[in-house]
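Please open the model in your viewer and keep the sequence panel beside it, so that each stop on this tour can be selected by its residue number. Take the stops slowly, one selection at a time.

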Amino acid sequence: RSKNWDEQEEVLKKWAKDNNIDASKVRRRTPVEIVYDTLLYYGSNKESLLTDTWDWSGVRSSGGGFVHVGSFDSDGLRVYGAPRDSTHSRLGVCPSR
């Protein structure tokens, strides 16, 4: 968190290296995967993930930014887009393979 999109890409590469995983196999989740994982976890555990955080995907929005999903509360799960150079203390990335 608190890193722009490109800085987060470096974090993903480091995570892959630290876990002995080929960095080319590590990617960001798609918005659909983020929503699916979050709702499935909630349905199974009655616990909300991403309540105060956002997962930044690798998919571009119609406005040109990258889609991020989060802020999951009783009003639902939110989906927005942010430019590549944005940073926020609640905007992070979850690695996927």
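A residue is called buried here when its relative accessible area is under 20%, exposed when that value is over 50%, and partly exposed in between. Keep in mind as well that this is a predicted model.

With that cut-off in hand, select Ser71, which lies in strand β3. Ser71 has a relative accessibility of 18%, and because buried means under 20%, Ser71 counts as buried. Now look at its backbone: phi of Ser71 is near 50 degrees, which is a positive value in a residue other than glycine.

Next, select Leu50, which you will find in the loop between α2 (31–45) and β2. Here too the backbone has a positive phi in a residue other than glycine, with a value near 60 degrees. Is Leu50 buried or exposed? Its relative accessibility is 16%, so Leu50 counts as buried.

The tour now turns to aromatic rings. By the pairing rule used here, the model has three aromatic pairs. For one of them, select Trp5 and Phe66 together: their rings are stacked, with 4.4 Å from centre to centre and 20 degrees between the planes. This pair joins distant parts of the chain, since Trp5 belongs to helix α1 (residues 5–18) and Phe66 to strand β3 (residues 66–73), 61 residues apart. Trp5 is buried, with a relative accessible area of 10%, and Phe66 is buried as well, with a relative accessible area of 4%.

Then select Trp54 and Tyr80, another aromatic pair, in which the ring centres are 5.5 Å apart and the planes are 50 degrees apart, an arrangement described as tilted. Trp54 lies in strand β2 (residues 54–60) and Tyr80 in strand β4 (residues 76–82), so this pair ties together parts of the chain that are 26 residues apart in sequence. If you colour the model by accessibility, compare the two partners: Trp54, at 16% relative accessibility, counts as buried, whereas Tyr80, at 48%, counts as partly exposed.

For the last stop, select Ser74, which is found in the loop between β3 and β4. How does Ser74 count, buried or exposed? At 77% relative accessibility, Ser74 counts as exposed.

Definitions and conventions. Residues are numbered from 1 along each chain as its sequence is written. This is a predicted model: local features need pLDDT of at least 70, side-chain atom pairs count only at pLDDT 80 or more; totals for chains, interfaces and linings use all residues. Side-chain values use heavy atoms; hydrogens and water are left out. Rings of Phe, Tyr and Trp (its six-membered ring) pair if their centres lie within 6.5 Å; planes under 30 degrees apart count as stacked, over 60 as edge-to-face and the rest as tilted. Helices (H or I, at least four residues) and strands (E, at least two) are DSSP runs, numbered from the N terminus. Buried means under 20% relative accessible area, exposed over 50%, partly exposed in between (1.4 Å probe, protein chains only).
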